[in-house]
Amino acid sequence: MDELIKRKSAFSEIPDIGVVWVMDEASKLGFYHGNPDWSNLGQGEPETGEIAGAPPRITDFTIEPEDNVYGPLNGMLALRKAIAGHYNRLYRKGKSSLYTADNVSIAMGGRLALTRIFSILGSVRLGYKIPEYPAYQDLLNYQQERITSLCVPTKQSTNYQLSAAELANAITTLELDAFLLSNPCNPTGHVIKGEELREYLKTVRKQNCSLIIDEVYSHFIYDHGKPADAPVSAAEFIDDVNSDPVLIVDALTKSFRYPGWRLAWILGPKEVITDLGRAASGIDGGPSLPVQRAALQLFEPQRADQETKALREVFSRKQTQLLTVLRENGMICSEDANSTFYIWADISALPAPLNNSDSFFRKALDYKVMTVPGHLFDIHPGKPKHESDFNSFIRFSFGPTESNLAAGLERITALISSYR
């Protein structure tokens, strides 16, 4: 008998990304979504049930006969108009240049929105800073042949901020064509706003550097333990919506607390939006019509404002709850964290082995608490794994309900006490 020839598989092995890996490791110990015995202080998901002061949760919707056909690649016209109006109302009052439906592309989730964007970039030099959202690395890894990713250094002493002046310098010295960032920042909780954000926009406009800005936490804004009065968006400081080199990404996932709907949008110049629609033809075929129709009601001004005001009230309270316990247990948390629903905690002062992020993560799992090791935010697309500068950091989420958060913090306190 001829000897069988072993052939290499046509498929490459894809490793788990950041939080997916965290979830898989927890599931080996009995975690599953909705398991009341666990406290999920890891996954980036806000509580999705009723919260004080918010409008009732949507629990059903009707599928219209016309929703059974293929929809427009960039999304339903009515929803695109509603999203454009939402931004004009919040950020563009009194401005001559306003968003229209032509400035909006709708996709089934933020990762898909970013995939569309990265697919239409040419051979560019793209800057980013760290720590940053882990999925960026995986999405950019698929585009290595065209996109050269360049890391811009920042410092812990400033909570890893990148000032407008530093951005301008990076664009010049690294010859950047584009810059990618989350604002508010996942995981540090820093938010670029006000005059600093205005300077960001001036910088990219002057240097013609495309800014891809992920604003999915745009409504989670606090004022040192209290809810802030308003959200934050680069849309406020754009001069001309059709010429400024800025793409804004947002979604129902965080600020509207509907992650399972998988609905996101991109705002930008209409010529770029047209190209995103063309890209969607080959990538995903366009978003779901029934989900888009159901989402229309979320952008009714009174309802949208009621929802986002309520989440700032509730989540600012939970932020205080989390910060208090982490600091009491010896963790170092920046005073600069005024956004998102995360705390980026320095655990270097904890007793060994808890001062190492992987060890802390593993020990916390034994107490049925999920966290995220800091090194997962040390992204370097196209580069091999390396010794991370963030091995003494943990990202904690205060996304869960207040009671579930309290239970997790009691267990974290017990874990740390067991090593003292």
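Guide: Helix α1 gives the most to the lining of the second largest pocket, namely 5 residues. Keep in mind that we're looking at a predicted model. So let's stay with this pocket for a bit. Its volume is about 560 Å³, and 28 residues line it. Closest to the centre of the second largest pocket you'll find Gly44, Arg111, Tyr133, Thr253 and Lys254. If you sort the lining of the second largest pocket by class, you get 14 nonpolar, 7 polar and 7 charged residues.

Now for the helix itself. Which residues of α1 are buried? The helix covers residues 18–27, and the buried ones are Gly18, Val22, Met23, Glu25 and Ala26. Look down the axis of α1 and these buried residues fall within an arc of 165 degrees, so they line one face of the helix. There's a handy rule behind patterns like this: an α-helix has 3.6 residues a turn, so residues three or four places apart point the same way.

What covers those buried residues of α1? Among the elements doing so are β1 (39–40), α10 (357–366), β11 (369–370) and β12 (372–373).

Helix α1 turns up in another pocket too. Along with α4 (135–141), α1 gives two or more residues to the lining of the largest pocket. In that pocket, though, α4 gives the most, with 5 residues. The space in the largest pocket comes to about 830 Å³, and 29 residues line it. Closest to the centre of the largest pocket are Asp16, Gln137, Asp138, Leu376 and Lys385. By class, the lining of the largest pocket has 11 nonpolar, 9 polar and 9 charged residues.

Here's the picture to take away.

Notes
Residues numbered from 1 in each chain as written. Predicted model: local features only at pLDDT ≥ 70, side-chain atom pairs only at ≥ 80, totals over all residues. Heavy atoms only, no water. Buried < 20%, exposed > 50% of the residue type's maximum accessible area, 1.4 Å probe, protein only. Helix = DSSP H or I, 4+ residues; strand = E, 2+ residues; numbered from the N terminus. Arc of directions from axis to C-beta. Contact = heavy atoms within 4.5 Å. 1 Å grid on protein atoms, 1.4 Å probe; cavity = no way out; pocket = protein on both sides within 12 Å on 5 of 7 lines; lining within 4 Å. Points joined across faces, edges and corners; volume = space filled by probe spheres on them. Nonpolar A, V, L, I, M, F, W, Y, C, P; charged D, E, K, R; others polar.
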